[in-house]
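Visitor: I have a model open and would like to learn how to read its features. Could you walk me through it?

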Amino acid sequence: MTWLGDELGRIADEMPQRDLGAAVLERHQRRRRTLVAFAAAATVVVTLLAATIGARTLLAEPRAAVGPTLPPERPSISVGVVPTVESAVLHVAQRMGYFREEGLSVRPVFLQSSAVGVPLLELKRLDLAQLDYATLFMANENGKDLKLVTALHQSAPGTLALVVNATSKVRTVAGLKRKEIAVPGLRGLPTLALTAVLKRAGLTLEDVLLIETSYPEMLGGLKRGRYAAALLAEPFITVGREGGQVRVVGDLTSGDLANLQTSGMAATEDWIRHNPRTLAAFQRALGKAQRLVAADPERARAVLPTYTKISEKAVANVTLGSYPDQLDPTHLTRIAVLARAHGWLKRLPEPGEAVAKTE
């Protein structure tokens, strides 16, 4: 039975028959007015609540943007680099202000070779340093704890070469037997490349005399007859050629070292552990520059005169490699195998052990 039927029965007992219909209708209308009033009141309450919440939302401070909220642990860092085309991308990042955008001030420290960076990292005189992969493998085999944090450069034909004075009678690599060769370091990827080139010519490192010196000093030494040959990297190869000073007798970026990633940025395990935000900021800024140069290699050429003595006219003829933003284990393995084959390593390292584990 419906509520209306109940109501009719109850009212019939209390009122005359003629008033029954009117009474029921009046009660029904009263209940309807009550329901309508309740619904209207509820609507007002909901509207007021929504308005209040919306006002509070509008007045509240905006939510922080997604991303790092804490600054780098070290706002100023020293980074060791060799003044060749390999480090050009770091100077691009400087010029474009990418480090500054990350809250970092980067001070480049120029090194004669990668090997010089190893003790400076250990002594905490450098935060990060450009290390070639052969140097890093040898350092770690000797008890160091260095890790690669990013790739830096990949070779191209002509970026590393064995040269002689333009007037030299030496025409081939084999003609350098028992002669002096200037190198940036006695151990390292450039000298490992020289070892491979000498082997193809039937020579070993014992058949020549290596003299350590910096790339800028090599050209002057060749001119004075201090060395018979020099192991030069770009842009110094182009500087020598443009000045009519040198002639190439061997391309060291062919054969075993063709199109290889040759160097990366490295730090000690201790530094990486204590400076995760600084490292992440550095990686973001350098990666941005690497992608910029990948899209426009002329960006790398443009910075060469800012840290080498090459003219803006000669820079157009410089051979550049590439600047990958990802470490490739295949390249690390190839260099490790080559170093082990030439007796530079006692065991074949696991490439992954040389790469920093970062989030």
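Visitor: What percentage of the residues of the protein chain count as buried?

Guide: Keep in mind that this is a predicted model. Buried means under 20% relative accessible area. In this protein chain, 47% of the 359 residues count as buried.

Visitor: How many helices and strands does the secondary structure come to?

Guide: The chain has 13 helices and 10 strands. Contacts tell you how these are brought together: among those between residues at least 6 apart in sequence, 78% join residues at least 24 apart.

Visitor: Now for pairs of helices. At what angle do helix 3 and helix 11 pack?

Guide: For a pair, look at the angle between the axes; 65 to 115 degrees counts as roughly perpendicular. Helix 3 (residues 88–96) and helix 11 (residues 276–295) pack at about 100 degrees, their axes being 8 Å apart. Helix 3 is therefore roughly perpendicular to helix 11.

Visitor: Which residues make that contact between helix 3 and helix 11?

Guide: Helix 3 supplies V89, L90, V92, A93 and M96, while helix 11 supplies F282, A285, L286, A289, Q290, L292 and V293. By class, there are 11 nonpolar residues, one polar and no charged.

Visitor: How do the axes of helix 3 and helix 12 cross?

Guide: They come within 9 Å and cross at roughly 90 degrees, with helix 12 covering residues 298–307. That angle makes helix 3 roughly perpendicular to helix 12. On the helix 3 side, the contact is made by A88, H91, V92, R95 and M96; on the helix 12 side, by R299, A300, A302, V303, L304, T306 and Y307. Its residues divide into eight nonpolar, two polar and two charged.

Visitor: What about helix 6 and helix 13: how do their axes cross?

Guide: The axes of helix 6 (residues 133–141) and helix 13 (residues 329–341) come within 9 Å, crossing at roughly 65 degrees. Helix 6 is thus roughly perpendicular to helix 13, and the crossing is right-handed. Y133, A134 and F137 of helix 6 meet L332, I335 and A336 of helix 13. This contact has six nonpolar residues, with no polar and no charged ones.

Visitor: Let me zoom in on single residues. Is T238 buried or exposed?

Guide: T238, which lies in helix 9 (residues 236–242), is buried, with a relative accessible area of 5%. Leaving aside neighbours within four places in sequence, T238 is in contact with I310, A314, N317, V318 and T319.

Visitor: Where is I211 placed?

Guide: I211 is in strand 7, residues 209–212. Its relative accessibility is 15%, so I211 counts as buried. With neighbours within four places again set aside, I211 is in contact with E180, I181, A182, V183, R226 and Y227. Also, the C-alpha atoms of I211 and L186 are separated by 7.8 Å, though these residues are 25 apart along the chain.

Conventions
Residues numbered from 1 in each chain as written. Predicted model: local features only at pLDDT ≥ 70, side-chain atom pairs only at ≥ 80, totals over all residues. Heavy atoms only, no water. Axes fitted to C-alpha atoms, helices over the stretch in contact; angles between N-to-C directions. Helix = DSSP H or I, 4+ residues; strand = E, 2+ residues; numbered from the N terminus. Parallel < 35°, antiparallel > 145°, perpendicular 65-115°, else oblique. Left-handed = near helix turned anticlockwise from the far one by under 90°. Contact = heavy atoms within 4.5 Å. Nonpolar A, V, L, I, M, F, W, Y, C, P; charged D, E, K, R; others polar. Buried < 20%, exposed > 50% of the residue type's maximum accessible area, 1.4 Å probe, protein only.
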